[in-house]
Amino acid sequence: MSATVYSLPALPYAYDALEPSISAQIMELHHSKHHQTYVNNLNAALKTYATASSSGDIAGQIALQGAIKFNGGGHINHTLFWENLAPASSPEAADPQSSAPTLIAAITQTWGGLTEFKAAFSKALLGLQGSGWGWLIRDGPQLRIITTKDQDPVVGGEVPILGLDLWEHAFYLQYLNNKAAYVENIWNVINWKTAELRFKGGRDDAFKLLKASM
């Protein structure tokens, strides 16, 4: 049994493209160091798991579940996150209504408007204790805001539309302990076109980039 090998996906923009909302220093470290580490550790865990599986080592397979979940989740979540972002000057970020008309209509129906949705999402993000992620998901026909701890991904039947990283490494070098400022400013660099495509598609559409990283 051979293990699938994953690779770090390239960013669709330069490290400094999201300034001033997210600094180039944070983006470079976050992508080339943190995400790369999740990929490296995932590949190592999968290789060891393949060996344990081939030899019938059930205990060894069970022992590796935590590492696969944590590092696999880190790879999944960050791959989705990078595609959720775009330079503030781009049409994808600057004009949500034109970039995501169907999604914005659904958001308005659910929360009353984009402003109200941002407030609800921001409240959920700031209410998250410790490290984790905030998500806008499509659960059947319904939109919901949820949070996940650590690197837990959205792995049920829901479609992840928008995921935002609330680990300290995503903001601390720039915002220190002012998490609220990071949450406020990240709305300036949301790729609404990507969110629209995920909303109108299915789980395979949302996770297609992961297949490209194999």
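The model is predicted, so local features need pLDDT of at least 70 and side-chain atom pairs pLDDT 80 or more, while totals for chains, interfaces and linings use all residues. Numbering runs from 1 along each chain as its sequence is written, and side-chain values use heavy atoms, without hydrogens and water.

**Aromatic pairs**
- The structure holds twelve aromatic pairs, counted when ring centres of Phe, Tyr or Trp (its six-membered ring) lie within 6.5 Å.
- F117 and W187 pair edge-to-face (planes over 60 degrees apart), at 5.9 Å centre to centre and 75° between the planes.
- F117 belongs to helix α7 (residues 114–126) and W187 to the loop between α9 (179–186) and α10 (192–200), 70 residues apart.
- Both F117 and W187 are buried.
- W133 and W135 are stacked (planes under 30 degrees apart), with 5.7 Å between centres and 20° between the planes.
- One aromatic cluster is formed by W111, F117, F121, W187 and W192.

**D165**
- D165 lies in strand β3 (residues 159–165), a DSSP run of E of at least two residues.
- D165 is buried but has no salt bridge (a side-chain nitrogen of Lys or Arg within 4 Å of a carboxyl oxygen of Asp or Glu).
- The nearest side chain of opposite charge to D165 is K179, 9.6 Å away.
- The D165 side chain makes a polar contact with that of H78 at 3.3 Å (N or O atoms within 3.5 Å, one able to donate a hydrogen and the other to accept it).

**Helix α3**
- In α3, 14 of the 19 residues are buried.

Technical notes. Buried means under 20% relative accessible area, exposed over 50%, partly exposed in between (1.4 Å probe, protein chains only). Helices (H or I, at least four residues) and strands (E, at least two) are DSSP runs, numbered from the N terminus. Lys and Arg count as positive and Asp and Glu as negative; His and the chain ends are not counted.
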